[in-house]
Amino acid sequence: MNKKSKDTIKEVIEELLKLRTEKLHQDRIVQLSSYGSNEDYDDKRKAMKKHQLKTISMFYKPLVKLNHLLDKKEQNKEVIDLEQQMRKIQAKKYISVKELSEIYNISKTSQQNYRGRIHNPLPYHQKVEGGKITYIVEEVEKWLENQHK
C-alpha cells in the first residue's frame, strides 16, 4: 500500500473517532435538554440508550477494519485499545451485570428494565431467585443486533 493510501486511511480513522465522540456527546446534550414530564423522560431515556448502543456498534467494526489495513506500527492506538477490550469480552462466555454496563454502556437500571420486558427481553441467567445475574455474551450481542432493526 502506498503512502497516500495509508495517510487517507489514517485520516478516515481519525474522522470516524471524532465523529463517534461528537455524536455520543451531541446525543447526551439532546437527552439532557429534552426532559419534560416523567412519562416523556422515561420514553426519551429508553430511546437514548437504544440510540447510544447503535452509535457505538456502528463505529466499532469499520474502525477496526480500517485500522487493520495499516502496518502494525502505524495503527491507531485508540482503535487497538477498543478492539482489545471487545476481544477480551468476546472471549468470555459469561459476563456480569457490571461488565455489561462497562462494555456496552447500559446502566444496571436499564438492564433491569430490558430483562423485564414482555417482548424481546434481554436474555440473562440466574441460578437462584435473587442470586447473581449473568449474561452469555453471544446472546447479548445477538439481542443488541436485533435492537437496531
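User: What share of the 149 residues of the chain count as buried?

Analyst: In this predicted model, 32% of the 149 residues count as buried. A residue is placed in that class when its relative accessible area is under 20%.

User: Which elements does the chain have, and how do they run from the N terminus on?

Analyst: There are six helices and two strands. Their order from the N terminus is α-α-α-β-α-α-β-α. Among contacts between residues at least 6 apart in sequence, 59% join residues at least 24 apart.

User: Why is Val79 called buried?

Analyst: The relative accessible area of Val79 is 0%. The cut-off for a buried residue is under 20%, so Val79 is classed as buried. Val79 lies in helix H3, which covers residues 77-91.

User: What does Val79 contact, leaving aside its neighbours within four places in sequence?

Analyst: Val79 is in contact with Ile13, Leu17, Leu63, Val64 and Asn67. As for His68, its C-alpha is 9.8 Å from that of Val79, and the two residues are eleven apart in sequence.

User: Why is Ser96 also placed in the buried class?

Analyst: Ser96 has a relative accessible area of 16%. Because the class takes values under 20%, Ser96 counts as buried. Ser96 belongs to strand S1, residues 94-96. Not counting residues up to four places away in sequence, Ser96 touches Lys132, Ile133 and Tyr135.

User: What makes H4 roughly perpendicular to H5?

Analyst: Helix H4 (residues 97-104) and helix H5 (residues 108-115) pack at an angle of about 105°, and their axes are 9 Å apart. Angles of 65 to 115 degrees count as roughly perpendicular, so H4 is given that description relative to H5.

User: Which residues make the contact of H4 with H5?

Analyst: On H4 they are Val97, Leu100 and Ser101, and on H5 they are Lys108, Gln111 and Arg115. Sorted by class, this contact has two nonpolar, two polar and two charged residues.

User: How do you know that the charged end of Arg115 sits over the ring of Tyr124?

Analyst: The charged end of Arg115 is 5.5 Å from the centre of the Tyr124 ring. The distance limit is within 6 Å, and the charge must also be within 35 degrees of the ring normal. Arg115 is listed as sitting over the Tyr124 ring.

User: How many aromatic pairs are counted?

Analyst: The count comes to one aromatic pair.

User: Why is the pair of Tyr114 and Trp143 called tilted?

Analyst: The ring centres of Tyr114 and Trp143 are 5.2 Å apart, and the planes are at 55°. Rings pair if their centres lie within 6.5 Å, while planes under 30 degrees apart are stacked and those over 60 are edge-to-face. Tyr114 is in helix H5 and Trp143 is in helix H6 (residues 137-147), so the pair ties together parts that are 29 residues apart in sequence. Both Tyr114 and Trp143 are buried.

User: Why is Asn120 called partly exposed?

Analyst: Asn120 has a relative accessibility of 38%. Buried requires under 20% and exposed over 50%, so Asn120 falls in between and counts as partly exposed. Asn120 is found in the loop between H5 and strand S2 (134-136).

User: What is the phi of Asn120?

Analyst: The phi of Asn120 is near 55°, a positive value in a residue other than glycine. Most residues other than glycine have a negative phi.

How values were computed
Residues numbered from 1 in each chain as written. Predicted model: local features only at pLDDT ≥ 70, side-chain atom pairs only at ≥ 80, totals over all residues. Heavy atoms only, no water. Helix = DSSP H or I, 4+ residues; strand = E, 2+ residues; numbered from the N terminus. Buried < 20%, exposed > 50% of the residue type's maximum accessible area, 1.4 Å probe, protein only. Contact = heavy atoms within 4.5 Å. Axes fitted to C-alpha atoms, helices over the stretch in contact; angles between N-to-C directions. Parallel < 35°, antiparallel > 145°, perpendicular 65-115°, else oblique. Nonpolar A, V, L, I, M, F, W, Y, C, P; charged D, E, K, R; others polar. Phe/Tyr/Trp six-rings, centres within 6.5 Å; stacked < 30°, edge-to-face > 60°.
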